[in-house]
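Thank you all for coming.

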Amino acid sequence: MQHAKIPKVIIIGTGPGGLALYHALIKNKDKKEFDVKIFERDSSPRERWQGYHIALNCAGTRSLLNCVPFSINSNLHKAMPNPLPDVEFHGVSLFDNKGSLLLNPPSKQYKDFNELVKFPHEYSLIVTYRDRLRDVLLESVPVHWGKKCIRYEETKDGVWVMFDDGSQEFCDSWLAQMELILQRLPELQIFDFGITNVVANIAVPKHLMDRFIKLQGNSLLQKSLGLYGDSSMVIFRLIPIEQEPGYENKSNSNEPHYRVTLNYSYPTKLDDVESDKIKVDDNDSASVIEHVKQMIRNFGTECEFDDIILELWDLVPKSTPNDPEKFQFKTYNPTRRRQYQDINPSSIQTWTSSRVTLLGDAVHAMNPVLGLGTNNAFQDADLLSQALINYSSEEPISCIQEYENEMRKRSTVDVLKSRSAALKMSAPVGLLRTFIRNCSLKFTNFILNFSSIFRKYIE
């Protein structure tokens, strides 16, 4: 008796979406078995910095849990620690340039990430350690490291994938990474926001964190809006670094420290205003940090909030540690200016499904303002794995077409929603328009919270 051929799938890239898809295909092998191979251009898991804090919403977390097997689920607490009761508020707060609350949407508080997915609440989220999440998702995954894909060729029977070392692989279908998206979608356009962004990760001593929380509250994701389109964002967890396995206390301090992500963004044209005051070298972290502090001083206000933000930026490492593996964040990323960009959905006029498909940032890269990128990547992996269950050698394209139709609808909405939010927040407003904006946000905050209380009452 002749056995049916097991279709081969190649995944390029070990980002959150690619790893989630790998686990989903292996997890569902009782429904449809695939021979899955995953390739990564980096030579090791630590070659590139993997980010730190990200916010996962209900939809993204649900899709992640759908994708991973129990063995991975049981380890997710390493990357997605449970909220500290009565200490951490997994929600979002928006402030004005003086630190006064403008918007604090109601969110459902939960005991762990498995409970989070039971509440389809728009504003509920869990602040997650991105680098640890990748480490958890890499567990037991046989990645082929140091394999950069440079091009592909489709045939009537499958796809040849070529790598920069001269090797090649044949498969029934595969997923492309960012470098090859123009081969898949040559008409694609990149939208430039005209917004510069600087991100840094720091270890904050308890006394300074206590001051910040006393002033701003304990929402784990906070953003303040300035008068000139500038904004500061702070993301954190109140779990001491000292509790982490393998931590080495080199400062001999008995005071707990917390990991915090800082984000400062501003209209890029403001660089021209400041160019005669300080010369910024993006290859020199110290000059970028000093530039950010100068921008906060010049465009901020003399208030306690800005004082604390400046103290936080003082904690950012100004040079590469001698031993990054023993650095507090395990990997180090130099502080540089970067531009907000996304992939313009309207630039893709036609889309013909084939054996080659895309997911995550490779197809719908979006700015980080609403934190929808990783959430969409997990939803892509979940949706594609379910579609591939219907794969057949007679109609190999139909399941991919099913996935792409649904993915495009969802991701286009989120790309444009995220773009709209970023452009609104970065618009220079001046005093009068600031007053109008702040009143509008406060009114929105009242309506959202009143509606939440009313719903609870009638329930």
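This is a predicted model: local features need pLDDT of at least 70, side-chain atom pairs count only at pLDDT 80 or more; totals for chains, interfaces and linings use all residues.

Residues are numbered from 1 along each chain as its sequence is written, and side-chain values use heavy atoms, with hydrogens and water left out.

Let me start with helix α1, residues 16-27, where helices are DSSP runs of H or I with at least four residues, strands are runs of E with at least two, and both are numbered from the N terminus. Of its 12 residues, 10 are buried, meaning under 20% relative accessible area, with exposed over 50% and partly exposed in between, for a 1.4 Å probe and protein chains only.

Turning to the sheet, three strands run in the order β7-β8-β9 with antiparallel pairing, and the sheet is open; two strands pair if DSSP finds at least two bridges between them. Because β7 and β9 stand at the edges with a single partner strand each, one side of each is left without a neighbour in the sheet. Between β8 and β9 there are 4 bridges, and Trp 160 stands opposite Phe 170 in β9.

Finally, the whole structure holds 20 salt bridges, each a side-chain nitrogen of Lys or Arg within 4 Å of a carboxyl oxygen of Asp or Glu. One of them joins Arg 410 and Asp 380, at 2.8 Å from N to O. Since Arg 410 lies in helix α13 and Asp 380 in helix α12, the pair ties together parts that are 30 residues apart in sequence, and both residues are buried.

How values were computed
The expected span of a helix is 1.5 Å times one less than its number of residues.
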